Amino acid sequence: MNFSLSESQLLIQKTVRDFAQNELAPIAADLDKEARFPHEIIKQMAELDLFALPYSEEYGGTGDGCLPYVVAVEEISRACASTGITYAAHCSIGTDPIYLFGTEKQKQKWVGPCARGEMLAAFGLTEPNAGSDAGGTKTTAVLKNSEWLINGSKCFITNATHAGVIVISAVTEPGQGTKGISSFIVPRDTAGFSVSEPYDKLGLKASDTAELYFDDMRLPEDNLLGKRGEGFKQLLKVLDGGRISIGALALGIAQASFDAALAYARERRQFGQPISKFQAIQFKLADMATSIEMARMAVYRAAWLKDQGRATTRESSMAKLYASETAVKAALEAIQIFGGYGYMKEYPVERYLRDAKLMEIGEGTSEIQRLVIARQLGC
Ligand SMILES: Cc1cc2nc3c(=O)[nH]c(=O)nc-3n(C[C@H](O)[C@H](O)[C@H](O)COP(=O)(O)OP(=O)(O)OC[C@H]3O[C@@H](n4cnc5c(N)ncnc54)[C@H](O)[C@@H]3O)c2cc1C
């Protein structure tokens, strides 16, 4: 059992940390305030090869794998969770479905540009009436004259406005439940495809979330991803990976909350001494640090298992559940340690709380993670 990152993984961690702390952290509050998508940062991340980390060299990747990618998501999210979710959604749910289930031609066409950061990717699963119950998809795809005719809509889709390619789910075999769902690759410029104005959200305000509309959208027959009727099976596998990413995102927010709280507790003086000298504050910091370390072990272990080609359904859900609840608690405790100042926009901890809350909702709520874990336990 080896709990250390390798030399090359440590180098990736240091490179991303330096970039994130020097270039991204100083502008994160403004990005949030202005709800401004971080185009310039995405370009710099592409130059650093961050989008290439999870993919093999034959498809434009660096071949580093899931663990270094997860370390990068953590460091980016520690500086700015809006950029973190943009990155995580692009790789783990946008590009991964094509990387995992695409034909050679589809992989060559789409994974390369995504791995090089030349275009962003998105994943359209959620619908107004199919959220936790993703099998309740209403969007339909009918094959006519070698073309798919697609009608329906998706909601809450990350990167929707800026993605060059979007993987979506649709019903191809009505009446067959989850066995009637298939996946499709939708290029941005497809006729009949449109995107709403971005949502005005509680947090992650610099990330892009919008609705997708398919209005008699026509796709070539070979834009089907994998086999017909296997879309639901595919998306479960994609979410196994996506949940590790959300765990890493949550970990970054939790670490940022702890960093801010510790620094403030050492500086802020009351009753003639720094508040870090009060046991009540020390215990909060000790609990935060302990949970963050446990969350990190769970997230890194799930990523390591994925790199070994092993099943991670249980470990992904546990990591996502624990890390996201750790992030919310850490952000709340950070606000408490900041006192009244924590409630003000002048300090970053209120942003951490707003951003952290999504971790308990996206890619399966905490309730759904507990259902998945219980099922894995044989309940
Ligand atoms: C900012 C943001 C970004 C997102 N990005 C994407 C994206 O890129 N792609 C995408 O496809 N989706 C995306 N989503 C959607 C997200 O995955 C869903 O919001 C989430 O899965 C929950 O679905 P819902 O919102 O319909 O809630 P619902 O499913 O309606 O759930 C409502 C409540 O009921 C609970 N509940 C539901 N079923 C059960 C059950 N069986 N047992 C116990 N409790 C249950 C839930 O836990 C929750 O508390 C995003 C959402 C947000 C807010």
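This is a predicted model: local features need pLDDT of at least 70, side-chain atom pairs count only at pLDDT 80 or more; totals for chains, interfaces and linings use all residues.
The chain splits into domain 1 (7-120), domain 2 (122-229) and domain 3 (232-376). Along the principal axes, the C-alpha atoms take up a box of roughly 80 × 45 × 45 Å. The radius of gyration is 21 Å, and this agrees with the value near 21 Å that a compact globule of 379 residues would have.

Next comes the meeting of domain 1 and domain 2. Their centres, taken over C-alpha atoms, are 23 Å apart. On the domain 1 side, 23 residues are in contact with 18 residues of domain 2. The elements giving two or more residues to this side of domain 1 are α1 (7-34), α4 and α5 (104-115). Of these, α4 has the largest share, with 12 residues. The class count for the domain 1 side is 14 nonpolar, 7 polar and 2 charged residues.

Helix α4 also has a helical partner in α3. Helix α3 (residues 66-79) and helix α4 (residues 81-101) pack at about 155°, and their axes are 7 Å apart. With angles over 145 degrees counted as roughly antiparallel, that makes α3 roughly antiparallel to α4. From α3, the contact draws on Tyr 69, Val 73, Ile 76 and Ser 77, and these meet Ala 81, Thr 83, Gly 84, Tyr 87, Ala 88 and Cys 91 of α4. That contact is made up of 7 nonpolar and 3 polar residues, with no charged ones.

Helix α3 packs against α7 (residues 279-307) as well: the two axes come within 8 Å and cross at roughly 150°. Here too the arrangement is roughly antiparallel. On the α3 side the contact uses Cys 66, Leu 67 and Val 70, while α7 supplies Val 299, Tyr 300, Ala 303, Trp 304, Lys 306 and Asp 307. The residues of the α3 contact with α7 divide into 7 nonpolar and 2 charged, with no polar ones.

Technical notes. Residues are numbered from 1 along each chain as its sequence is written. Axes are lines fitted to C-alpha atoms, for helices over the stretch in contact, and angles run from 0 to 180 degrees between N-to-C directions. Helices (H or I, at least four residues) and strands (E, at least two) are DSSP runs, numbered from the N terminus. Angles under 35 degrees count as roughly parallel, over 145 as roughly antiparallel, 65 to 115 as roughly perpendicular and the rest as oblique. Two residues are in contact if their C-beta atoms, placed from the backbone, lie within 7 Å. Ala, Val, Leu, Ile, Met, Phe, Trp, Tyr, Cys and Pro count as nonpolar, Asp, Glu, Lys and Arg as charged, and the others, Gly among them, as polar. The radius of gyration is taken over C-alpha atoms; the globule rule is 2.2 Å times the number of residues to the power 0.38. Domain bounds come from an automatic or database domain assignment.
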